[in-house]
Each structure stands twice: as C-alpha cells, then as structure tokens.
Amino acid sequence: MNPAVSSDSAPSTGTALRSFIEGMPKTELHLHIEGTLEPELMFALAQRNNIKLPYDSVEALRAAYDFSDLQSFLDLYYAGANVLQTEQDFYDMTAAYIKRAQADQVRHAEIFFDPQTHTERGISIATVFAGIAGALRDARRTDGFGGAMIMSFLRHLSEEEAFDTLEQALPLRDQYQDLWNGIGLDSSERGNPPEKFQRVFARCKALGFHLVAHAGEEGPPEYVIGALDLLHVERIDHGVRSEEDPALMQRLAQQRIPLTVCPLSNLKLCVVKDMAQHNLARLLDAGLAVTVNSDDPAYFGGYMTANYLAVAEALTMSREQVLTVARNGIEACFLNDEEKATLMLELEQYASTH
Ligand SMILES: Nc1ncnc2[nH]cnc12
Ligand SMILES: [Zn+2]
C-alpha cells in the first residue's frame, strides 16, 4: 500500500499521521494563560518591570522545570506570574499564545485565567481582564481566531475568597460579555474537594455561566463525581483518574461529558510514568468524549500539535481516533450550534482531502 495514502480503514504511517495532525484544524479547551509564559517572555517582562528573577538565565529557568507532582509545578508557576504587572504584560502573553496556537492550526481556544494569582499581588482584576481580552479581540478581528475566557478560582484558597473574586469581576461582565462565558476551578486538587466550592458554583450557575472544574488529575474519582453532582460542571478538566471507577466511566460515556485531557502535562507532573501508559486511548475506546489540550504549554514542553503527536505516537493511535478526538473538541466547545457546525465542516473537509 502506498504509505502516503491514508484511508479510514488503513493504519496511517508515522509520517503521514504526523503531517495530518500538524495541519488538522483544532480547538483548545484546557489552557491556563499564565502557563503560556515562556521563559524568554518572563525574562523580558521582568526586565520591563524591574523585577529580579531567582534565575540567572532562560536556560537556568528552563532547567528548573523538573516537576515531581502538581504542587512542585504550581510553586514555580505562581512565582513566574509575578512578572505580570500591567495590561500590556497580559496582552503580550496572550498574543504570544495566540501566535503559537495559530501555528498549530487552533481555530478556537477557551482560556483559563486565575485572577486571584494577580489580585493577591495588588494587580487590579480590570487589568487582567483588559490585557487578555484585548489580545483575543485583536486576534478575532485580524485573523478570525475564536476565543473565550473562563475565570477560574484557586481551590487552595477559601470559598469566601472565590466569592470576593466573583464580586470584583461581575461589574466587568457587560464589558466582556463577548468573551467571558465560563467559570473554572484549578490549583492544588488533593485536600480541596469540589464540595468546598459548592455555594459559589451554585451562584455562578444562577448567573448563567458555563461551569468546568479540574477533577481526577491527582485527586480520586470521587472528586469527578463531586464536580458533576455538586458543582454541576459541563466538562471535566483532566479526569484521567475516572478510569478507577467503572460506574463513573459508564456515566461519563453515556452522558457524553467531555474530559479535557492534557497528555504532556500528565507526563511532566508524573500523573503517568511514561506516555505509553497514558489512558487516553482506553478512555476513547470506552466511548468517553475525550479531547486533547496543552494545559501549561510553556512549562510542559509543547503546545497543541505536540500534545496530539505525543499520544498518537506513544499509543499508536489511528487517523480515525485522532479525528474522533478533534471532533470531540468541537462538540465540547461553549459555542452555539452554527459556530460548531462551521468548525466541524472545516475539519471534515480537511479529513476528506488529506
Ligand atoms: N494542571 C493543573 N492542575 C491544576 N491547576 C493548574 N493550574 C495550572 N495548571 C494546572
Ligand atoms: Zn489545568
């Protein structure tokens, strides 16, 4: 068989699948904008804002990206965010991410941001919103890049602090109604179960926001169940530990609840020892609405294409499996049916011509 020709029934060669993945239109649904701060930009912003970093060089900083678990990463990630001071800093970081995403053929990205990481340091929440939204709006106007903003609460802080953040943000809602459509929950999972945020999520639901939460990354399957039953989320961020509970797996498959899986993140944070042991293909085979995403790409070694390639190669995924993941990524977006249909049409046209 000609290895350059791929069809649904034929296994793709490594090279053919690689170029298929590289050119495939994508969506990104699990991306922390603070996790896109590349060391070069971190140093540039440190210099611009007269901040001394505890590293002498970009190389020394990158060498410190050797994590043993989620917390060891978060400690560095929150420290790195200190260089973000002005609206321009947030704009530049977001614009740099969009450029990378577009190079990876990302058409639409629903971006997490953590205001508490910044307001705790005296940065106003309006500065954070303005910088991120400014870059997303410019990219929409110039390139048709689709974006949304998901404001996330830090779960190592209290629910009262989450309520405070919501109160600070709500006066901005009208100004950002074209972008800000969701609420998320992130940071240290273990010891901070979903029920801690039940009241604030109920308020956000009543306000009409889409809801998501990190669950089942390091935490047990019970946290996934809690996110669904107590927080009423529409998607689970990560969710890979759901596999430990067969009844939960059945429910996720039956209800088509999307999991925003982040393969390179899971490897870097030692959620899996080896990419060949990643359960993404098993979750997919079990009928779950699995998507691929990059989480904190500046820290974990790759953006969207790299994440697709890493699992496709390690798990010897077929072209059809890759396409299923990409379709899931469109279905799971917080977009209307017409917008989803436009993205799906482009994907199907790409698939039929490549
Ligand atoms: N992978 C992750 N898990 C939880 N919180 C995060 N914040 C940024 N990245 C995160
Ligand atoms: Zn995440």
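I shall begin with His32, which sits in strand β1, residues 26-32. Helices (H or I, at least four residues) and strands (E, at least two) are DSSP runs, numbered from the N terminus. This is a predicted model, in which local features need pLDDT of at least 70 and side-chain atom pairs count only at pLDDT 80 or more, while totals for chains, interfaces and linings use all residues. Residues are numbered from 1 along each chain as its sequence is written, and chains are lettered from A and ligands numbered from 1 in the order in which they are written.

Is His32 buried or exposed? His32 has 28 C-beta neighbours inside 10 Å and therefore counts as buried. The criterion is 20 or more other C-beta atoms within 10 Å for buried, 12 or fewer for exposed, and partly exposed in between, with C-beta atoms placed from the backbone. Beyond its neighbours within four places in sequence, His32 is in contact with Phe112, Asp186, Asp295 and Asp296; contact requires the C-beta atoms, placed from the backbone, to lie within 7 Å.

Asp295, one of those partners, lies in the loop between β8 (290-292) and α14 (297-300). Asp295 is buried as well, with 30 other C-beta atoms within 10 Å. Residues up to four places away in sequence aside, Asp295 touches His30, Leu31, His32, Gly35, Cys262, Ser265 and Phe300.

The UniProt record, an unreviewed entry, places a "binding site" feature at His30, His32, His214 and Asp295. These four span 266 residues in sequence, yet no two of their C-alpha atoms are more than 11.7 Å apart, so they gather at one spot. UniProt positions follow the numbering used here, feature names are shortened, and annotations may be inferred rather than shown by experiment.

Which residues surround ligand 1? They are His32, Gly35, Leu70, Asp186, Ser187, His214, Glu217, Ser265, Asp295 and Asp296, where near means a C-beta atom, placed from the backbone, within 6 Å.

Finally, I turn to helix α9, residues 198-206, where Val200, Phe201 and Cys204 are buried. Seen down the axis of α9, the buried residues fall within an arc of 100 degrees, so they line one face of the helix; the arc is that of the directions from the helix axis to the C-beta atoms. They pack against β3 (146-154), α8 (159-169), β4 (180-186) and β5 (210-215). Just after α9, Gly208 adopts a positive phi of about 90 degrees.

Terms used
Contact = placed C-beta atoms within 7 Å.
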